[in-house]
2 protein chains.
Amino acid sequence: MARSRLPVADRRRQIVEVTTRLIAERGFWGLSMQDVADDCGLTVPGVLHHVGSKDGLLLAVLDHRDLEDKRSVAEQAPGTLRETCAAVVRRNALQPEIVRLFAVLEAESLTPEHPAHEWFGARQERTVAELTALAAPFPAPGVLARQIVALMDGLQLQWLRDPSTVDLVAEWEAAAERLFGDST
Amino acid sequence: MARSRLPVADRRRQIVEVTTRLIAERGFWGLSMQDVADDCGLTVPGVLHHVGSKDGLLLAVLDHRDLEDKRSVAEQAPGTLRETCAAVVRRNALQPEIVRLFAVLEAESLTPEHPAHEWFGARQERTVAELTALAAPFPAPGVLARQIVALMDGLQLQWLRDPSTVDLVAEWEAAAERLFGDST
DNA sequence: GCTCTTACCTAGTAGGTACTAAGTAAGGAT
DNA sequence: ATCCTTACTTAGTACCTACTAGGTAAGAGC
């Protein structure tokens with residue numbers, strides 16, 4: 001019974017990582033605190049001690065993601081629209097689990113009752129706004145921004161379903177030529 | 001307690017309709033037989049009498065959708081690729097609930113453990129194949145087909161999240177010009 | 001070595017989960 | 001008017017759900 005007692009930061013990181021994987025597999029509605037606790041080697045109240053509630057756990061995961069994303073965007077120079085998109089796709093291609101987390105939660109959270117509904121609404125708005133700004137040199141930048149987001153989300157779904165057939169980076173490059181013009 | 005006793009076909013249709021709505025809201029993992037039963041004015045074993053199990057219920061919903069889709073495709077003349085896509089989008093714009101059902105299940109069923117995993121894999125494959133055939137006149141028809149599916153799925157997600165801002169049909173028309181060429 | 005914070009536990013609550021077994025009664029067929 | 005199929009019920013099983021109250025002991029600071 002002598003379990004190791006981790007410092008709070010480490011334990012929280014472990015809980016967030018485990019939960020990320022489980023939500024990617026089962027969604028938030030299918031997530032059980034028991035599974036989280038088991039995979040962390042804790043009891044359920046042990047997990048709740050750190051995150052307060054199941055909703056709190058979800059927000060912890062999303063906030064962690066937000067931080068990671070900001071960090072990643074910051075370290076990459078703010079190049080052209082096309083370069084930025086390619087960088088995002090290359091990064092996503094390396095972390096299918098997290099892409100799946102977002103794919104599942106994005107669909108689940110469409111309903112206003114979902115605890116992440118507002119979070120995803122705000123994120124979507126922010127993303128489209130940022131892309132629209134980058135798309136200023138193109139005609140109809142707002143429309144282009146929506147198409148970029150749509151194509152990325154859609155291609156990611158196909159890639160997640162069948163990674164051996166669909167090459168995310170290659171499919172995106174083909175799509176980018178269509179979106180931004182056929183310059184080689 | 002004198003409940004009306006419906007003929008099996010009617011009751012099944014009601015159960016399928018109610019479940020369609022509930023899965024769109026909560027996903028399959030979040031679906032409870034109790035909710036289905038309540039919304040049908042039945043008890044849980046009453047529902048199970050018709051569908052056998054929760055998985056059976058999901059398959060009943062999906063098979064019903066399959067039939068409806070086949071019917072709708074059959075009644076529309078098999079025009080050009082562009083016309084076909086536009087018809088699909090116009091139809092989807094009229095039934096957001098069903099589009100949401102597919103959006104949620106498509107993401108949830110990415111994991112092989114999901115009871116609809118194979119169903120959605122087969123559907124995806126079939127859809128891409130059909131679109132690829134229609135896209136024969138274009139260069140790289142297979143790539144184009146994937147892009148069509150991706151754009152539709154992605155635009156639908158944006159539309160479902162904020163129907164008042166995103167006009168599905170208009171967004172698709174703009175996307176179609178980009179995909180198929182700028183002919184007016 | 002002692003103290004004190006706190007990470008984590010045990011025990012319990014109140015309720016929901018899918019599903020089964022067996023019986024009742026509605027309503028069409030004769 | 002009676003029968004018989006079957007839609008649907010009640011009752012019950014075995015288990016999982018998030019969450020709380022209160023206590024124990026691990027390990028850092030002195």
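In this predicted model, 33 residues of chain A are in contact with 33 residues of chain B, where contact means that the C-beta atoms of two residues, placed from the backbone, lie within 7 Å. On the side of chain A that touches chain B, at least two residues each come from α1 (8–26), α6 (96–108), α7 (117–134), α8 (141–161) and α9 (168–180). Such helices are DSSP runs of H or I with at least four residues, numbered from the N terminus. The most residues, 13, are given by α8(A). By class, this side holds 15 nonpolar, 8 polar and 10 charged residues. Here Asp, Glu, Lys and Arg count as charged, Ala, Val, Leu, Ile, Met, Phe, Trp, Tyr, Cys and Pro as nonpolar, and the others, Gly among them, as polar.

A note on conventions. Residues are numbered from 1 along each chain as its sequence is written, and chains are lettered from A and ligands numbered from 1 in the order in which they are written. Local features need pLDDT of at least 70 and side-chain atom pairs count only at pLDDT 80 or more, while totals for chains, interfaces and linings use all residues.

How are the two chains related? Chain A is superposed on chain B by a rotation of 180° with 0.0 Å of shift along its axis, at an RMSD of 0.1 Å; this is the relation of a two-fold axis.

Finally, DNA strand D is surrounded by 23 residues, the closest being A:S32, A:M33, A:K54, B:T43 and B:G46.

Methods:
Near = placed C-beta within 6 Å. Least-squares fit on C-alpha atoms with pLDDT ≥ 70 in both.
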